[in-house]
Amino acid sequence: MVTAISRYGPRVIPNTMQVIEEVDARGQLIEGPHIEAFEAAFAERVGGRRAIATSYGRTAFFYILEAFGFPPGGEIIFPALTFWVMPEMARQAGLTPVFADVDPVTFNVTASAIERAMTPKTVAVVPTHLWGLPCDMNEIAAVAARHGLVVIEDCAHALGATYDGSPVGTFGDAAIFSLQTFKPLNAYGGGVAVVRDHNVAQRVAARASQQPAPGIDRVKHRLWHGRVMRLATRPDIFRWTLFPVMYACTRLHWSIDMYFWEKIRPLNPMPEDYGERFSNVQAAIALEGLGKLDAWTARRQLHARRMNVLLDEVPGIRVPSVPPRRTHVYYQYCAYVPSRDAVVEACLHRGIDLETLHVDVCTDLELFGPARDAAPGARHTTATVQIPIYESLSDEQLECVAGAVRDAVLALRPQPAAAVSEPS
Ligand SMILES: Cc1ncc(COP(=O)(O)O)c(C=O)c1O
């Protein structure tokens with residue numbers, strides 16, 4: 001019988017139902033004391049800076065941009081490889097996104113690329129700690145300081161990662177985190193804004209608290225949806241539900257990946273649920289999750305080390321590398337393989353579902369203007385796969401994943417290893 005392993009496995013606190021029932025019994029699904037408690041616990045993790053819970057990570061970002069009061073038309077630098085929603089939110093805040101290339105080895109934007117993308121109109125930069133690996137923050141902070149730029153860290157993938165021993169989210173003027181179902185801290189949606197300056201933090205907090213409370217049905221639906229995702233990605237259920245559909249699609253040469261992601265479009269008007277407050281029940285779940293975060297991270301790091309050993313010697317595969325002084329939390333374990341699509345298809349036929357690119361090469365998106373050849377590093381990363389290593393996988397399942405990837409690559413005709421240069 002084929003084993004089937006989904007590309008994502010959410011982090012779930014074992015007492016989820018109990019937490020929901022207790023909060024519900026007190027009539028505190030929407031409003032209650034857990035929001036403040038969660039914000040305080042989160043603030044403690046990011047060096048005591050103010051933490052403000054929001055409906056999404058992207059909304060946290062929008063409020064931060066508003067709170068800084070940048071001049072309209074000011075330019076804000078993003079990595080060319082990022083989730084399209086972030087530069088689009090900047091556009092909706094009246095700014096012009098400009099893209100800087102990434103290092104194809106670390107997948108992160110570099111200080112030198114930021115410097116090349118700067119103009120006299122540049123007001124801010126958004127280092128994104130992609131896949132859970134911190135950017136080189138000393139270098140980026142130095143460039144930003146030299147040119148008087150505001151630094152807003154995108155930590156959506158990287159809660160728990162460190163650079164020079166300090167957690168991400170503590171290097172810039174502000175930072176955002178995401179609490180979506182598959183992110184390092186799962187609250188079935190939500191985000192956190194972390195802000196250094198007291199007055200800017202006050203403005204973000206005021207904006208977040210002015211939003212209407214979410215309807216009870218919407219919150220219940222969110223929790224239900226999270227439960228469905230949780231179940232649908234469990235290997236014993238995935239095998240009989242999503243997996244056969246995906247398998248049939250590869251036989252018919254269709255990809256259903258596009259249905260997993262939000263349609264790329266102008267966010268004007270913004271969807272209604274962006275402008276809501278974070279709910280108390282999600283805060284209660286997130287608070288419990290925070291207590292488990294380090295153990296989850298440690299297990300995922302263990303899995304990454306094991307995957308490195310299993311794949312490192314396979315010709316043509318390049319496993320993720322971690323530069324000195326950084327810890328990687330492996331939101332995604334992203335590896336270069338030869339003939340990506342052939343490898344994805346061969347793995348799916350063995351029951352292993354690989355993610356390809358869950359962020360975007362933004363310089364190639366029409367949303368941000370005509371395609372440019374401006375980011376060869378970002379484009380190069382389309383030769384990667386994201387291999388499941390999440391903590392709920394057993395050792396045996398991990399070996400199964402590695403075996404499928406290895407065999408898929410070895411079955412290809414000899415290919416040169418993906419050529420990527422070392423970070424400077
Ligand atoms: C790199 C990156 N930044 C920001 C976000 C936005 O987070 P949210 O979905 O909570 O708005 C995401 C979401 O996937 C992301 O991948």
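Arginine 325 counts as partly exposed, with 13 C-beta neighbours inside 10 Å; a residue is called buried if 20 or more other C-beta atoms, placed from the backbone, lie within 10 Å of its own, exposed if 12 or fewer, and partly exposed in between. The model is predicted, and local features need pLDDT of at least 70, side-chain atom pairs count only at pLDDT 80 or more, and totals for chains, interfaces and linings use all residues. Residues are numbered from 1 along each chain as its sequence is written.

Arginine 325 lies in the loop between helix 11 and strand 11 (333-336); helices (H or I, at least four residues) and strands (E, at least two) are DSSP runs, numbered from the N terminus. Its phi is positive, near 70°, in a residue other than glycine. Most residues other than glycine have a negative phi, and most peptide bonds are trans. Aspartate 164 also is not a glycine and has a positive phi, of about 50°. Aspartate 164 sits in the loop between strand 7 (162-163) and strand 8 (166-167) and is exposed, with 11 other C-beta atoms within 10 Å.

The peptide bond between asparagine 268 and proline 269 is cis, with omega about 5°. Proline 269 belongs to the loop between helix 10 (242-251) and helix 11 (280-311).

The ligand is surrounded by 15 residues, and the closest are Tyr56, Gly57, Arg58, Ala156 and Ser178. Helix 3 (57-68) and helix 4 (85-92) are the elements that give two or more residues to this shell. A residue is near a molecule if its C-beta atom, placed from the backbone, lies within 6 Å of it. The shell divides into 6 nonpolar, 7 polar and 2 charged residues; Ala, Val, Leu, Ile, Met, Phe, Trp, Tyr, Cys and Pro count as nonpolar, Asp, Glu, Lys and Arg as charged, and the others, Gly among them, as polar.
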